[in-house]
Amino acid sequence: MTQSLTIRQPDDWHLHLRDGDMLRAVLPETARHFGRAIIMPNLVPPVITPADAAAYRDRILAAKPLNNKFQPLMTLYLTEETEAKSVRAAAEIGLISAVKLYPAGATTNSASGVKDFDKVTRVLETMALLGLPLCVHGEVTDPEVDIFDREAVFIDTVLDPLRRRIPNLRVVMEHITTKDGVDYVKDQPEGQMGATITTHHLIIDRNHILVGGIKPHYYCLPVAKRATHRSALVAAATSGNPRFFLGTDSAPHTDANKESACGCAGCFTATNTLSCLAEVFEREGALDQLEGFTSRHGPAFYKLPENEATVTLVKGDPVTYPARIDTGEGPVTVFDPGFPLHWRVQD
Ligand SMILES: NC(=O)N[C@@H](CC(=O)O)C(=O)O
Ligand SMILES: [Zn+2]
Ligand SMILES: [Zn+2]
């Protein structure tokens with residue numbers, strides 16, 4: 001008997017689409033299965049003004065495959081110069097779904113991010129009034145703090161004080177990688193605080209990056225932590241707790257930029273994410289929780305309707321997918337979970 005699972009069409013609450021040739025190559029990989037995605041604004045230069053966001057949205061829509069209904073949900077990149085009134089205007093016309101906070105220097109293209117959090121208080125207070133979510137890359141950038149501790153230290157020294165100062169601000173802690181992140185978010189009021197979890201952080205821990213040779217395609221930020229943290233993430237994702245939802249953080253970089261003496265951070269998971277997730281949830285005996293994680297908790301947090309369409313996953317022989325996709329900028333390696341995938345998305 002063939003096993004199959006039909007769920008509401010998923011959304012991706014954290015996605016990098018880049019621009020130009022790269023955008024045209026990677027967008028179909030997400031648009032094939034996903035209804036909507038929160039589009040990260042860390043282009044070079046970043047998406048800072050409402051006009052930038054509108055122009056980027058139009059470029060995404062122009063790159064979309066014909067007859068595909070994928071909807072990009074735009075974000076603004078928060079800088080110390082961002083004006084509260086332009087955030088308000090962009091939110092009120094429905095142009096943006098969130099604002100993204102990068103601590104300056106924390107990750108790829110974050111140089112224009114925030115150094116002095118006092119300088120963004122006005123904007124954050126306005127967002128709290130509007131109910132507009134703040135998406136946060138939750139790592140401190142202090143060179144003294146060990147890279148494996150940067151998320152936990154961020155929670156204690158930046159996130160929690162910020163939430164106490166502006167309790168009504170709705171916050172998504174993006175791509176959590178630690179038990180500390182899981183525990184913090186679990187204790188916060190539902191609807192006020194959520195967290196995205198990536199596909200790859202449910203599958204790899206830090207050993208996958210380093211044991212048996214250095215694996216640049218497993219390097220991302222926040223960097224994968226020890227196995228106990230991965231287990232906490234899997235438990236959170238499969239628990240049915242509505243605070244946790246899928247944000248793949250699919251982050252394409254060319255192989256030349258990954259396989260380098262100073263390789264870029266980011267895993268490209270758009271191509272096989274649903275097959276990977278079904279495998280992870282099945283192993284946990286939690287296939288019945290997959291739909292919540294991929295398709296229900298995110299819309300509830302973002303106060304959007306769930307997608308009307310459905311997708312069906314069918315279990316069978318190992319799924320084949322390309323090892324890399326071609327882009328105008330060069331090949332991009334697809335995330336290798338390290339085990340065969342048996343769940344295929346039915347066309
Ligand atoms: N996650 C990553 O390792 N990289 C992301 C940036 C980010 O999400 O921090 C990218 O833009 O490449
Ligand atoms: Zn990030
Ligand atoms: Zn990201």
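## A buried histidine

With 28 C-beta neighbours inside 10 Å, H175 counts as buried, because the cut-off for that label is 20 or more. This is a predicted model, so a friendly place to begin is with one residue and its surroundings. H175 sits in the loop that runs from strand 7 (171-173) to helix 6 (179-186). Its backbone deserves a look too: phi of H175 is near 35 degrees, a positive value in a residue other than glycine.

## An exposed counterpart

Now turn to K303, another non-glycine residue with a positive phi, here about 55 degrees. Is K303 buried or exposed? K303 counts as exposed, because it has 11 C-beta neighbours inside 10 Å and the limit for exposed is 12 or fewer. You will find K303 in the loop between helix 11 (290-302) and strand 10 (310-315).

For a close-up, pick strand 6 (residues 134-136), which pairs with strand 7 in the parallel sense over 3 bridges. Within this part of the sheet, V136 stands opposite M173 in strand 7.

## Two cis peptide bonds

Where can you see cis peptide bonds? One runs from V44 to P45, with omega near -10 degrees. P45 belongs to the loop between strand 3 (36-39) and helix 2 (50-63).

Another cis bond joins L221 and P222, and its omega is about -10 degrees. Here the proline, P222, is placed in the loop between helix 7 (206-210) and helix 8 (227-237).

## Around ligand 1

Which residues are around ligand 1? They are H16, N42, T107, T108, H137, C220, L221, D249, A251, A265 and G266.

## The annotated domain

Finally, the UniProt record, an unreviewed entry, carries the annotation "domain: Amidohydrolase-related" for residues 12-303. Over that stretch the chain is 39% helix and 12% strand, and the end C-alpha atoms are 15 Å apart.

Conventions. Residues numbered from 1 in each chain as written. Chains lettered and ligands numbered in written order. Predicted model: local features only at pLDDT ≥ 70, side-chain atom pairs only at ≥ 80, totals over all residues. Helix = DSSP H or I, 4+ residues; strand = E, 2+ residues; numbered from the N terminus. UniProt positions renumbered as here; feature names shortened; annotations may be inferred. Near = placed C-beta within 6 Å. Pairing = 2+ DSSP bridges.
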